[in-house]
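Me: Please take me through the assignments made for this model, and set each value against the criterion behind it.

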Amino acid sequence: MSDVDGSVSIGADVDNGHWPQLRRLWRVLRIVVHLLWGFVLALLLGAFWWPQQPRVLAAKQRWCQRFLRILGAELTVTGQPQNGSVFLVSNHVSWLDIPVIASQRHLYFLSKEEVGQWPLIGQLARAVDTLFIKRGSGESGSKAREIASRLQQGHTVLVFPEGTTTDGTGLRRFFPQLFDAPLLSKTPVQPLAIRYLDNMGSPDEAMAFIGDDEFHHHLWAMLLRRELRIRLHFCQVLDADGDRKALCEQARERIAQQLKG
């Protein structure tokens, strides 16, 4: 994930006693049922064969909205999402970033190859036509062309140009290679800033999925929380012109400005 050593335990905003444990078990049951329903729904809608149907995209958005409710997420969205095809770029804190953003609009996303191997979630990700990339493989150029093709078809694609997750307090460098996609397709770029906040409104570093964290351990700890406070901001749109490095830096700067707020 990142260069941070050790796994992060989600320990803030947790109640003591038996009730939180019972609540967590109830959430686990609901998540399992929700994942199974997602798989059945994907079959019923033909997502495994025709993933780019509008009804599949709409079902994916509703599924993510329901998933966030099960987790107890309190999501605040600001800014104006761009209509039509757009190249979305966001800072990256957790695996939860994807369902948070996907709950707000129809989109496809670029994910690390390992996600495709996660039980049930990997199958669902493939069913909704997720793009996968193997880190350090030199695939960025070919993936940029593949994303450009999606954008030219009128779709929206989300990428995380940091290439890894952070603790949410700042940004790593953005890799510019994937910004060839909006330039090739002449598609606008919309930066997104996602923040997980504690009771004081400060970055909740315990929510970060970094270091040696494993998905099931991270989710298990997360389910003990009373609620998750998440802020998502749609930044001002950038025109796809100039060179990829300049476009990349402009997107990073807009996200950085929001994270300072």
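Me: Which residue of strand 7 does Y196 stand opposite?

Reply: Y196 stands opposite I230 in strand 7. The model is a predicted one, in which local features need pLDDT of at least 70, side-chain atom pairs count only at pLDDT 80 or more, and totals for chains, interfaces and linings use all residues. Residues are numbered from 1 along each chain as its sequence is written, and side-chain values use heavy atoms, with hydrogens and water left out.

Me: What makes strand 6 and strand 7 a pair, and in which sense do they run?

Reply: Two strands pair if DSSP finds at least two bridges between them. Strand 6 (189-197) and strand 7 (228-234) have six bridges and pair in the antiparallel sense. Strand 6 also pairs with strand 2, in the parallel sense over four bridges; there, L192 of strand 6 is the bridge partner of S90. Helices (H or I, at least four residues) and strands (E, at least two) are DSSP runs, numbered from the N terminus.

Me: Why are strand 1 and strand 4 said to stand at the edges of the sheet?

Reply: Seven strands form an open sheet with mixed pairing, in the order 1-7-6-2-5-3-4. Strand 1 (73-79) and strand 4 (131-133) each have a single partner strand, so one side of each is left without a neighbour in the sheet. Neighbouring strands of this sheet are turned by 25 degrees against each other on average, direction ignored. Strand 4 pairs with strand 3 (residues 108-112) in the parallel sense over three bridges, and S111 stands opposite F132 in strand 4.

Me: Which helices lie on this sheet?

Reply: Helix 5 (residues 140-152) lies across strand 2 (87-90), strand 3, strand 4 and strand 5 (157-159), and runs at about 170 degrees to strand 4. Helix 8 (residues 244-260) packs on the sheet as well, touching strand 2, strand 6 and strand 7, with a direction that makes about 30 degrees with that of strand 6.

Me: Why are helix 1 and helix 2 called roughly antiparallel?

Reply: Axes are lines fitted to C-alpha atoms, for helices over the stretch in contact, and angles run from 0 to 180 degrees between N-to-C directions. Angles under 35 degrees count as roughly parallel, over 145 as roughly antiparallel, 65 to 115 as roughly perpendicular and the rest as oblique. Helix 1 (residues 18-45) and helix 2 (residues 54-71) pack at about 175 degrees, with axes 10 Å apart; they are therefore roughly antiparallel. By class, their contact has ten nonpolar, two polar and four charged residues (nonpolar: Ala, Val, Leu, Ile, Met, Phe, Trp, Tyr, Cys and Pro; charged: Asp, Glu, Lys and Arg; polar: the others, Gly among them).

Me: How do you know that helix 1 and helix 7 are oblique?

Reply: Their axes come within 9 Å and cross at roughly 130 degrees, and the two helices are therefore oblique to each other. R24, L25, R27, V28 and I31 in helix 1 meet L219, W220, A221 and M222 in helix 7. This contact has seven nonpolar, no polar and two charged residues.

Me: Why are the buried residues of helix 7 said to line one face?

Reply: In helix 7 (residues 215-222), F215, H218, L219, A221 and M222 are buried. Seen down the helix axis, they fall within an arc of 165 degrees, so they line one face of helix 7; the arc is that of the directions from the helix axis to the C-beta atoms. These buried residues pack against helix 1, helix 2, helix 4 (121-127) and strand 7.

Definitions and conventions. Contact means heavy atoms within 4.5 Å. Buried means under 20% relative accessible area, exposed over 50%, partly exposed in between (1.4 Å probe, protein chains only).
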